[in-house]
Amino acid sequence: MSAASGRARGFLHGLNPLVKVAAPLPAMIGVLVSRDPATPLAVVVLTLLVLVVGARPSARMTLILVLGLPLAVVVGALGFGAWSNPAAVDRSVILVELGAYRFYLGSLAVGLAASLRLAALLTLALIAGLTTDGADFVRSTVQYLRVPYRIGYTALAAYRFVPRFRRDIDLIRQAHRVRGTGGRRGPGAAVGRFTGSIVPLLAGAIRHAERVALAMDARAFGAHPTRTERHIVPLRVRDGFFVAAFWAATAVVLVVVGLAS
């Protein structure tokens with residue numbers, strides 16, 4: 001049993017994919033219209049709690065969220081602060097002065113707010129991104145949002161090309177190594193391997209596309225305006241409860257931070 005399969009799945013994995021997209025929307029809007037660092041910081045903390053409890057991410061992802069995300073926020077704060085307009089920030093405190101260049105505390109505050117907004121949007125997107133299967137998301141849009149199945153399932157077929165291309169390119173590179181043409185190093189060798197992989201990769205893609213097209217024709221794809229679903233993605237009471245709870249928590253966070261600031 002693999003570590004991923006042996007790890008218990010959180011409650012987010014059992015929710016409808018559309019619910020996990022709808023629940024963070026008010027928080028995303030609140031973060032986008034905010035200008036202080038406290039609002040996105042509070043949203044980040046709230047979202048990380050939901051992810052840790054509800055998604056139960058792997059140890060590697062937990063390490064990225066706990067250590068990598070704060071580091072990215074610090075780097076982003078310095079970068080956005082350096083790019084901010086000095087004339088539009090508080091210039092009462094100078095943090096760094098190199099010749100004619102001055103880095104103000106006001107610039108750092110502006111950069112920190114921008115960096116935290118990006119971090120908040122990223123963590124909110126991870127609620128669906130870490131716990132949603134792409135095929136179930138497409139099925140949900142077709143079943144509940146009335147997206148035409150011709151569009152939805154065509155997008156799903158295209159989405160499934162990506163892992164197949166990854167497997168094909170690995171096989172092609174293994175074949176090159178067996179023939180003794182893939183062991184060279186350097187920029188020229190990398191370009192040679194890339195150009196040598198294009199033709200077999202395209203040939204494999206065309207053959208796969210033909211098989212997919214034949215399979216879709218055999219299933220009468222597009223013959224009728226609607227079709228029955230073999231795999232139903234349910235919309236349960238717990239989905240509505242999660243949306244209501246997350247919206248309420250978001251409202252509490254925004255109101256409390258607004259009153260405190």
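## Annotated spans

Over residues 103-130 the chain is 89% helix and 7% strand. The C-alpha atoms at the ends of that span are 38 Å apart. The model is predicted. Residues 240-260 are 100% helix and 0% strand. Their end C-alpha atoms lie 30 Å apart.

Both spans come from the UniProt record, an unreviewed entry, under "transmembrane region". The record also lists residues 38-55 and 62-83 under that name.

## Domains

The chain is divided into two domains. Domain 1 takes in residues 11-132 and 236-260. Domain 2 covers residues 148-219. Taken over C-alpha atoms, the domain centres are 37 Å apart.

## Helix α3

Helix α3 runs over residues 25-33. Its residues Ala-27, Gly-30 and Val-31 are buried. Seen down the helix axis, the buried residues of α3 fall within an arc of 100 degrees, so they line one face.

The face turned away from that buried side carries Ile-29, Leu-32 and Val-33, which are exposed. The cover over the buried residues of α3 includes α4 (38-54), α6 and α11 (237-260).

## Thr-123 in helix α6

Helix α6 spans residues 105-129, and Thr-123 lies in it. Is Thr-123 buried or exposed? Thr-123 counts as buried because its relative accessibility is 1%, and the cut-off for buried is under 20%.

Leaving aside neighbours within four places in sequence, Thr-123 is in contact with Val-44, Thr-47, Leu-48, Leu-51 and Leu-69.

Strand β1 covers residues 94-98 and strand β2 covers residues 101-104. The two pair in the antiparallel sense over four bridges. Which residue of β2 is the bridge partner of Ile-94? The partner is Tyr-104.

## Val-147 in a loop

Val-147 is found in the loop between α7 (134-144) and α8 (149-159). Its relative accessible area is 27%, so Val-147 is partly exposed. That class lies between the cut-offs of under 20% for buried and over 50% for exposed.

Not counting residues up to four places away in sequence, Val-147 touches Thr-141, Val-142 and Gly-152.

Key. Residues numbered from 1 in each chain as written. Predicted model: local features only at pLDDT ≥ 70, side-chain atom pairs only at ≥ 80, totals over all residues. Heavy atoms only, no water. Domains from an automatic or database assignment. Buried < 20%, exposed > 50% of the residue type's maximum accessible area, 1.4 Å probe, protein only. Contact = heavy atoms within 4.5 Å. Pairing = 2+ DSSP bridges. UniProt positions renumbered as here; feature names shortened; annotations may be inferred. Arc of directions from axis to C-beta.
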